[in-house]
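Okay, everyone, thanks for coming.

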Amino acid sequence: MCGSNYPLSIAFIVVNEFCERFSYYGMKAVLTLYFIHYLHWNKNLSTAVYHAFSGLCYFTPIIGAIIADSWLGKFKTIIYLSIVYVIGHVIKSVGAIPDVGDSTVHISLSMLGLILIAFGTGGIKPCVAAFGGDQFEEEHTEERRKFFSIFYMSINAGSVLSTIITPILRGDVQCFGGDCYALAFGVPAALMVIATVVFIAGSGLYNKGPPEGNVLLNVCKCIGCAISNRWRRPKNSPKRDHWLDWAEEKYSVYKQCVLISVLWYFLPETSYSRDQNGAEGAGPLHSITHMLNALLILVFIPIFDMGVYPLIGLYWFTICLFFFSQDPNSLTHNKMVDVQPNNIHIAWQIPQYVLITAGEVMFSITGLEFSYSQAPASMKSVLQAGWLLTVAFGNVIVLIVAEGAGMEQWTEFLLFAALLVAVSIIFSIMSYFYTYADPDQLNKLFNEEANEGNMDDLKKEKDRMHMKDLPKGTKM
């Protein structure tokens, strides 16, 4: 593309992401006003539903990641969930038409539409970024890193334009005798249709890797099987050396994975991390181990990523809500009070926003690239989902502090500043001891481990069939 090492398929992915983000943020820009002025909810209920929807959008990526890595692959997952996404937008737009039913129908359609949108946007989030990274050849690592910057730029370009355009459509265009929420929701729906069509149009250019099976999911099954078998074991059953041994008959390989994953991060020099020749990093199931270590690095991200950003947005949202929800006729009856002017100029906020924005840009782009590069091919969507889950937990933290703690505003900002300092120190220490994995070597190790596991399964199946064919008296 343009004489560079960027494949042409990247253009379709970037345009798709731009339209999808326009669709999502354009709908959210007028969502709270829709709750208050159209559904006639109070401010507390509107705020609660708004943040519950935002949180759900960042908890559902783990579902899309598991579907993509385990069953459908990224390409089909993006298409199917995009269709769900479009249906949600259409239902949401229909619910904003006054002539369609009564208030109960409007609320039902709105909630159903929001749930479908949450599953659609959350499900495709981890897949699109990882799918974009899959389009590059192994030797084009530098171009792939720059792609995440372009990808993040398309996200913000779509959100900025939609946040400006959608409120204008609601306020300046009148339909059905009032503000045209149907149009304000219909335009984002049309953009999501365009996003889906653009993505499908590039189908012939994509590098579509088949689903390779999600090792992390099998590890979870291994743990569940061990717990279940141990709970249901007969009284006279022999003792096992470790509680995970109760899953050994079905998940012998993944039992090792759980043990190694715990030891790898804290005891890197243990024998679990070396092969028979003493080479570090080639131990069994190293790929899932390294991915769990990468997830461990993300544990403290919620405070750093969303500790201050949504809190500032929350207060701007409250201020805007106050002005938009005032009745102009009622303002003339209020008593005028002489208030002393604030001696701190509002321009003092500019350096704060510049620094926060710079930190957000560097942090988010690096996080996208880190989440992609530190996982094998079968788990890239899962690690992307882990990165997105930090946003969900960050919003939960903000809601708990801002809505439940009952602190004054300056106390909340001071609390988050202290948390950011503490987490930055802990995060710096963890990052210093973190060992980066070479993506190509990680995929190679994963393929070797998967082949070893398949060979063991084939051997067991062959032995089982052989015993089945023997006469009854000779099976023992």
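Predicted model: local features only at pLDDT ≥ 70, side-chain atom pairs only at ≥ 80, totals over all residues.

Find helix α3, residues 43-59, and helix α6, residues 103-133. Their axes come within 7 Å and cross at roughly 30°. As for the hand of it, α3 and α6 make a right-handed crossing. Who's doing the touching? On the α3 side you've got Val49, Phe53, Leu56, Cys57 and Tyr58. Over on α6, the partners are Met111, Leu114, Ile117, Ala118, Thr121, Gly122 and Lys125. If you sort that contact by class, you get nine nonpolar residues, two polar and one charged.

Next pair: helix α1, residues 9-29, against helix α7, residues 141-172. Here the axes are 7 Å apart, and the packing angle is about 35°. The crossing of α1 and α7 is right-handed. And the make-up of the contact? We have 15 nonpolar residues, seven polar and two charged.

Which residues make the nonpolar surface patch? They are Trp71, Leu72, Tyr80, Ile83 and Ile87, and together they make a patch of about 500 Å². Two helices each put in two or more residues, namely α4, which is 61-72, and α5, which is 74-95. The top contributor is α5, with three residues. Ile83, for one, sits in that helix α5.

Last stop, Glu143. What does Glu143 contact, once you set aside its neighbours within four places in sequence? The list is Asn5, Tyr6 and Phe136. One more distance while we're here: Glu143 and Gly133 are ten residues apart along the chain, and their C-alpha atoms are separated by 9.6 Å.

That's my tour, so over to you.

Methods: Residues numbered from 1 in each chain as written. Heavy atoms only, no water. Axes fitted to C-alpha atoms, helices over the stretch in contact; angles between N-to-C directions. Helix = DSSP H or I, 4+ residues; strand = E, 2+ residues; numbered from the N terminus. Left-handed = near helix turned anticlockwise from the far one by under 90°. Contact = heavy atoms within 4.5 Å. Nonpolar A, V, L, I, M, F, W, Y, C, P; charged D, E, K, R; others polar. Patch = residues over 30% accessible without salt bridge, like charges linked within 9 Å, V, L, I, M, F, W, Y side chains within 5 Å. Areas by Shrake-Rupley, 256 points an atom, 1.4 Å probe, with all protein chains shown as cover. Salt bridge = Lys/Arg side-chain N within 4 Å of Asp/Glu carboxyl O.
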